[in-house]
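Please keep the model open while reading.

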Amino acid sequence: MFHRTITAISLAVSLTAGIANAETIKMPFALDWKFEGPSAAYFAAIDNGHFEAAGLDVEVTAGQGSLDAIPKVATGAYPVGFADINSLIKFLDQNPGAPVTAVMMIYDKPPFAIVGRKSLGVEAPKDLEGKVLGAPPPDGAWAQFPAFAEAAGIDTSKVTVEPVGFPTREPMLAEGKVAAVTGFSFSSYLNLVRLGVEEADISTILMADHGLELYGNAIIVNTDYAKENAETVKGFLAAVAAGWKDVAADPAMGAKAVIARNPAADEALEQRRLELCLEANVLTDYVMENGFGGIDEARMAAGIEQLAKNYEFQNAPDASLYFDAAFLPEGLFALK
């Protein structure tokens, strides 16, 4: 069973802080990755006063991969975070009773992708056979590769997998040391462009377009914190939705918010990264019809079954442990 000692200490500290400063609640928020275009919504929620209106003082912290935020939230070091829900499902299976769950779906269509170069022979899933695929071990897209490979009919015995680090992933592809990499579509694609690879030479194979039913990244919470601070969590989610609505209406504003926190980034590149994320992963047909933030239970069940094809569950999967819609409003959120 998961140890909750750190959680209890963290919650005690947070509750004490809340009493000391009832007007503004400090709420550290752990991202999965560095400050790039798709993180603009959270900065917009700060800059445009949405968190403040909810009585929250939110500090956003960068992460180092899809798995990064989950233990931070599970231990209570952070009350809220942003993480791949499939990685969360595995974490909860390996740590029964861990006080963490998803409460708001952000990437209705996951950005898990194979990004390759046409000049190196990669344009379709089957092209990976006989090629070298670069994959960072903690990468969320790599974690889904077995299920994707089965759905797409790839003979994985014919694929040579090269473990790579996040910083070297796209440079290795740009240098031709690997023929393709796993990654998030909007990040790996534009990182290659920044490295001078011609766009016409880049192929993006989105796993969701080849049979993968999984969801993507979601807002996660420490469940012990959420039980004691339900209205705070609801206010946080509403502010996050307002931030996404703002950047959907004005991606240029969102890019400027990112550059204010990451001056070394390229503003035009981050705006485009944000736009790609909005178009492919956030503003999906399902979200525009049904609202932002929730999930379809039947699809979630299908995704869990698919996840089980490449992950051996230690315990019987239980969808109720992975997503809690109780903190979302009826009808969800409208982004336009």
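## Aromatic pairs

The count comes to 15 aromatic pairs, in a model that is predicted. One of the pairs is formed by Phe35 and Phe43, with centres 4.9 Å apart and planes at 80°. That geometry is edge-to-face. Phe35 is buried at a relative accessible area of 15%. Phe43 is buried too, at 1%.

Phe145 has a relative accessible area of 3% and is buried. Phe148 is buried at 0%.

## An aromatic cluster and a charge over a ring

Which residues form one aromatic cluster? The members are Phe29, Tyr42, Phe51, Phe82, Tyr107, Phe112, Phe184, Phe186, Phe236 and Trp244. Two of these, Tyr42 and Trp244, also take part in the contact of H2 with H11.

Elsewhere, a charge meets a ring. The charged end of Arg299 sits over Tyr215, 3.7 Å from the centre of its ring.

## Helices H2 and H11

Two packed helices are described by the angle between their axes and the distance between the axes. Helix H2 (residues 40-47) packs on helix H11 (residues 230-249) at about 105°. Their axes are 7 Å apart. H2 and H11 are therefore roughly perpendicular, because angles of 65 to 115 degrees count as such.

From H2, the contact takes in Ala40, Ala41, Tyr42, Ala44 and Ala45. H11 supplies Ala239, Val240, Gly243, Trp244, Asp246 and Val247. By class, nine of the contact residues are nonpolar, one is polar and one is charged.

## Val240 in H11

Val240 lies in helix H11. Is Val240 buried or exposed? Its relative accessibility is 0%, so Val240 counts as buried. Beyond its neighbours up to four places away in sequence, Val240 touches Tyr42, Phe51, Met104 and Ile106.

Val240 and Ala44 are 196 residues apart along the chain. Their C-alpha atoms are separated by 8.7 Å.

In H7, Phe145, Ala147, Phe148 and Ala149 are buried. The elements covering them include strand S5 (112-117), strand S6 (132-135), helix H6 (140-143), S9 and H15. Gly153 follows H7 and has a positive phi, near 75°.

## Two loop residues

Ser66 sits in the loop between strand S2 (56-61) and helix H4 (69-74). Ser66 is buried, at a relative accessible area of 4%. Leaving aside residues up to four places away in sequence, Ser66 touches Asp32, Ala83, Asp84, Ser87, Pro138, Asp139, Gly140 and Phe184. Tyr215 is 149 residues from Ser66 in sequence and 13 Å from it, C-alpha to C-alpha.

Ala208 is in the loop between strand S9 (202-206) and strand S10 (217-222). Which residues does Ala208 touch, not counting those up to four places away in sequence? They are Lys109 and Pro110. Ala208 and Leu192 are 16 residues apart in sequence, and their C-alpha atoms are 21 Å apart.

## Leu332

Leu332 is found in the segment after helix H15 (297-307). Its phi is positive, about 60°, although Leu332 is not a glycine. Leu332 counts as partly exposed, because its relative accessibility is 24% and the buried class ends under 20%.

Note on methods:
Residues are numbered from 1 along each chain as its sequence is written. This is a predicted model: local features need pLDDT of at least 70, side-chain atom pairs count only at pLDDT 80 or more; totals for chains, interfaces and linings use all residues. Side-chain values use heavy atoms; hydrogens and water are left out. Axes are lines fitted to C-alpha atoms, for helices over the stretch in contact, and angles run from 0 to 180 degrees between N-to-C directions. Helices (H or I, at least four residues) and strands (E, at least two) are DSSP runs, numbered from the N terminus. Angles under 35 degrees count as roughly parallel, over 145 as roughly antiparallel, 65 to 115 as roughly perpendicular and the rest as oblique. Contact means heavy atoms within 4.5 Å. Ala, Val, Leu, Ile, Met, Phe, Trp, Tyr, Cys and Pro count as nonpolar, Asp, Glu, Lys and Arg as charged, and the others, Gly among them, as polar. Rings of Phe, Tyr and Trp (its six-membered ring) pair if their centres lie within 6.5 Å; planes under 30 degrees apart count as stacked, over 60 as edge-to-face and the rest as tilted. Buried means under 20% relative accessible area, exposed over 50%, partly exposed in between (1.4 Å probe, protein chains only). A charge sits over a ring if NZ of Lys or CZ of Arg is within 6 Å of the ring centre and within 35 degrees of the ring normal.
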